[in-house]
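I opened the notebook today to look through a two-chain model. Here is what I looked up, entry by entry.

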Amino acid sequence: MNEVEILDVGKRVVDMSLKEGASEAEVYVCKVSRKSIVMYMGSIKMSQSVSENGIGIRAIVGRRVGFVYANQLNDLDRLISKAVAVARTSREDENWKGLPEPSEIPHVNGIYVKRLEEVTLEELVLKMYEGMRIMGEYKEIVPVAGEIRVDCLERAIVNSNGIELRSKETYSVAYLEVVARSKGYTTPVCLDMAFERTSIPNMEHIARSVCKKAVSCLKPERAISGKMPVILSPIALDELMEYTLCEAINAENVYHGRSYYVGKIGENVANENLTLEDNGILEGGFFTNKFDDEGVPHSKTLIIDRGILRSYIADTYYGRLLGMRSTGNATRIGGYKSLPKISPTNLVLRMPTEELDEIIHDVREGLLVEHVEGAHSSNPESGEFSVVAAPAWIVRNGELVATKRVMLSGNFYDILNRFELMSKEVRQVGHLIAGYVKISEVNVVA
Amino acid sequence: MIDLLEYAVNIARELGASFAEARGEDSESMRIEVRDRVTKAISYGRIKGISVRVLYNGAWGFSATSILSKDSIKKAVIEAYKVAKKASEKVREPVRIIELPSVKDEVHSDVLVNPADVDPSEKVKDILELHNIAFSLGKEVLKTIRTDYMDMMVIDYYVSSEDRCIVQERCITWIRSWATGKLGAIMAVAREELGSTKGYVIFKKWSQERIAKRLLDIIKGQLEATTPKGGSFPAVLGPNVVGTFVHEAFGHLAEADLALSGSAIVDKIGKKIASDYVTIVDDPTIPDGFGTFKYDHEGVETRVAVLIEKGVVKGLMHNRETAARINATPTGNARAESYDVMPLIRMRNTIMEKGDYTVDELFEGIKFGYYLKSFRGGQANLDGTFQVGIQEAYEIVNGEVGRPVRNMSISGNTLETLMKVDAVAKDFELDYGRCGKGQIAFVSSGGPHVRVKSILVGGRS
């Protein structure tokens with residue numbers, strides 16, 4: 001059972017499920033390999049690799065849906081009969097309108113490279129050493145934590161409507177966290193990270209960037225409170241968006257009335273210079289793929305077009321309930337162990353741009369925020385947030401001055417109207433692809 | 001399974017590992033989510049896999065696989081070995097571990113009804129009954145109720161290069177219900193979390209009627225409740241609040257990995273930090289506790305970890321590594337959520353030991369204070385401060401339990417609060433919950449009723 005052809009397993013299980021009494025069936029089969037090196041307080045704390053097969057079966061009997069999973073691809077008879085039994089026990093879902101139908105799959109580049117599939121833990125240790133060596137060059141820096149992770153995922157999705165898809169993908173993520181210490185003062189934890197699909201992140205680069213940031217946090221001055229322009233890093237913006245905007249555009253939340261954007265398609269929801277697109281086929285994007293986790297093609301969805309809300313993101317089930325097509329945003333967060341849920345792919349932010357230096361240069365009195373804490377406490381339905389900004393810098397007559405922790409608060413859906421400018425250099429952080437964004441006015445409490 | 005684990009350990013030994021252990025898991029689990037009498041989701045899962053951990057020259061390597069062939073296991077061991085070797089080149093503080101004598105053991109679960117043998121439809125029916133009773137008893141006030149149910153039957157296998165070979169069964173059945181009520185403009189939320197290690201006996205232990213009543217009592221109490229006065233007051237803490245406090249506020253500080261990286265008790269061993277009435281232990285032997293087992297995931301015999309005895313810090317909760325680091329006896333606190341992750345130091349059944357007082361005696365002599373009966377949620381910080389929200393609280397007036405109080409929270413410094421304990425009752429209750437530390441662990445906590453001279457009460461109207 002070594003070299004399993006996962007597509008064959010999928011097809012076989014769909015057939016067996018139908019024979020067992022399911023009226024529809026969907027099978028997700030995967031082979032996963034995860035490798036990770038974890039650094040803690042300057043030592044390598046954990047080096048681990050996991051290779052796993054997995055299968056998740058959605059069996060439908062009439063309008064009753066059952067879900068089972070296993071990490072063994074043998075003994076499938078028993079699993080299939082469980083799936084059908086679970087479906088029969090489940091409630092009749094009057095909204096169930098069937099599994100997705102096959103459609104044309106786009107061609108995308110840059111989602112897999114053999115080199116990453118074959119990378120060894122030892123190579124990753126050496127990469128971590130590179131980062132640690134750079135951190136060692138800065139006398140004020142104390143390494144706190146870090147990780148390099150490489151995943152290779154081979155997945156197949158087969159359903160009884162004729163979807164038969166297979167793909168192989170590689171992913172690599174790395175982050176480093178440090179503090180700087182000098183004269184009895186310790187800076188807040190500074191973080192930098194990188195998301196790649198076809199190479200291992202450059203650890204020297206991450207280490208240098210995070211160390212420079214931390215050192216520049218030393219000698220803090222007191223910020224002043226008030227409403228002022230705030231420049232958010234893509235990391236800070238991604239955190240704020242995850243618990244607000246990403247919830248509001250999710251068709252499941254829209255259908256259940258839990259989204260701020262219910263009934264707002266066609267309305268002005270952001271500054272007219274702001275465009276946001278969910279692009280699941282963007283070359284080099286971390287969440288780029290040919291198809292989503294229920295076999296629907298990935299696509300480009302214009303969410304906000306020059307300030308106007310154009311679309312939500314959906315899977316097949318909630319798309320139908322809202323009278324729209326699936327946008328190819330079904331994701332199994334827990335892999336084979338979970339059912340598909342709606343999640344963004346790559347959220348590309350477009351705005352007028354300038355060099356970051358120039359943006360900073362033009363601010364007389366403001367704040368630059370690298371990272372926020374407590375974004376998860378935001379209220380996704382209203383958009384209200386109150387977060388600690390750390391590290392952050394005062395922008396005073398175009399110059400950066402370190403400051404201690406300050407609070408930022410406001411309503412995320414409101415401040416979208418005040419997104420003014422973005423830096424020319426953009427990067428991917430989580431789902432977001434953006435640069436530093438200048439917001440004309442945010443409430444700051446020092 | 002055991003032969004595959006032995007095969008893995010032998011390869012590691014031949015490669016030159018100073019220590020190697022292999023773990024296997026074979027588990028079945030079911031989850032059910034019911035909201036307002038509607039079954040939202042049912043899922044069933046079956047997991048089987050092996051992991052191997054190798055120590056070479058003071059560094060760990062870890063590798064796991066679900067592919068149970070000799071080839072794949074050999075590959076995993078070599079990978080773990082190679083990376084340990086690489087990582088050992090730059091180790092600041094080489095890992096040392098406690099090694100143990102050879103043992104062969106099989107531990108069977110004392111499960112009364114194997115949840116895997118119960119048809120899912122029966123479980124759904126039982127949960128729906130809870131919802132039906134709750135809606136019929138709480139007609140006027142109950143708005144929504146959500147119940148999450150989970151059961152799992154696990155066989156853990158362990159083989160180490162010390163010639164230890166252990167097979168251990170364990171079973172967890174867990175249920176949590178959230179209910180919200182409303183009366184006029186007032187909202188109330190109640191939560192109840194229960195469990196057993198004896199299989200599908202959860203509704204025999206607590207009938208649906210008892211759970212529903214409990215949720216509604218809390219809701220009704222909150223709806224007619226007054227709001228707390230802010231400030232410091234004497235308080236009687238119920239077993240559920242004591243358990244939460246002991247776990248969240250104190251327990252995490254006494255997990256050796258956190259303690260040794262600088263928690264508030266790192267330099268307090270042997271010192272008095274609590275009043276004479278306070279004895280806190282993490283006890284893996286309490287019948288039907290979520291944290292009751294004979295061996296941990298490092299194959300170590302579990303033993304009672306005495307954390308505080310009569311006010312004095314006695315020890316910490318250890319894994320093999322931290323015990324070796326400070327020359328302590330390993331306590332068997334290493335637990336892994338599943339086969340594919342490394343074990344971490346986790347609590348088991350963390351409790352405050354009983355005292356001599358009757359519960360009534362605790363209330364005597366309190367002119368005005370609060371009775372904090374059950375908690376909603378809370379957090380504790382490594383610096384030794386805590387905030388705990390209370391879902392069921394009452395005023396104490398002239399030694400008697402008085403009006404219910406809502407939106408109440410307590411906060412303060414854990415060690416200062418432990419110093420203020422001035423009476424401990426002789427009753428005892430155990431609670432069931434889940435604790436997150438990167439991985440989820442099923443834990444119990446509990447204790448008797450306890451009186452505190454003063455505790456900082458907050459709240460909002």
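**Entry 1: confidence**

What is the mean pLDDT of chain B, and what share of its residues reach 70 or more? I found a mean of 93 for chain B, with 99% of its residues at 70 or more; pLDDT is the predictor's confidence in each residue, from 0 to 100. For the complex, the predictor gives an ipTM of 0.85 and a pTM of 0.89. A reminder to myself: where pLDDT is low, the predicted coordinates should not be read in detail.

My ground rules come next. This is a predicted model, where local features need pLDDT of at least 70 and side-chain atom pairs count only at pLDDT 80 or more, while totals for chains, interfaces and linings use all residues. Residues are numbered from 1 along each chain as its sequence is written, chains are lettered from A and ligands numbered from 1 in the order in which they are written, and side-chain values use heavy atoms, with hydrogens and water left out.

**Entry 2: where the chains meet**

I looked up the contact (heavy atoms within 4.5 Å) and found 40 residues from chain B and 38 residues from chain A in it. Together the two chains bury about 3,400 Å², 51% of it on carbon and sulfur atoms. Buried area here is the accessible area (1.4 Å probe) that two parts lose on being put together, summed over both.

How many salt bridges run between chain B and chain A? I noted 2 of them, a salt bridge being a side-chain nitrogen of Lys or Arg within 4 Å of a carboxyl oxygen of Asp or Glu. Asp340(B) forms a salt bridge with Arg34(A), with the closest N and O atoms 3.1 Å apart.

On chain B, the elements giving two or more residues to the side that touches chain A are strand 1 (19–35), strand 2 (38–56), strand 3 (59–65), helix 2 (70–87) and helix 3 (120–137). Helices (H or I, at least four residues) and strands (E, at least two) are DSSP runs, numbered from the N terminus. Strand 2 of chain B gives the most to that side, with 10 residues.

Two strands pair if DSSP finds at least two bridges between them. Ser51(A) has Thr65(B) as its bridge partner in strand 3 of chain B.

**Entry 3: sheets**

In chain B I traced an open sheet of 6 strands, in the order 11-10-9-14-21-20, with mixed pairing. Strand 11 (312–313) and strand 20 (429–436) of chain B stand at its edges with a single partner strand each, so one side of each has no neighbour in the sheet. Strand 9 (residues 280–282) and strand 10 (residues 305–309) of chain B pair antiparallel over 3 bridges, and Asp282(B) stands opposite Ala305(B).

Chain A has an open sheet of 6 strands in the order 11-10-9-14-24-23, again with mixed pairing. Strand 14 (residues 347–350) and strand 24 (residues 432–434) of chain A run parallel, joined by 2 bridges, and Val348(A) stands opposite Ile433(A).

Which residues partner Ile231(A)? I found Lys438(A) opposite it in strand 25 of chain A, and Leu368(A) as its bridge partner in strand 16 of chain A.

**Entry 4: backbone details**

The peptide bond from Ala390(A) to Pro391(A) is cis, with omega near 0°. I placed Pro391(A) in the loop between strand 18 (384–389) and strand 19 (392–396) of chain A. Asp36(B) has a positive phi of about 45° although it is not a glycine, and Asp36(B) lies in the loop between strand 1 and strand 2 of chain B.
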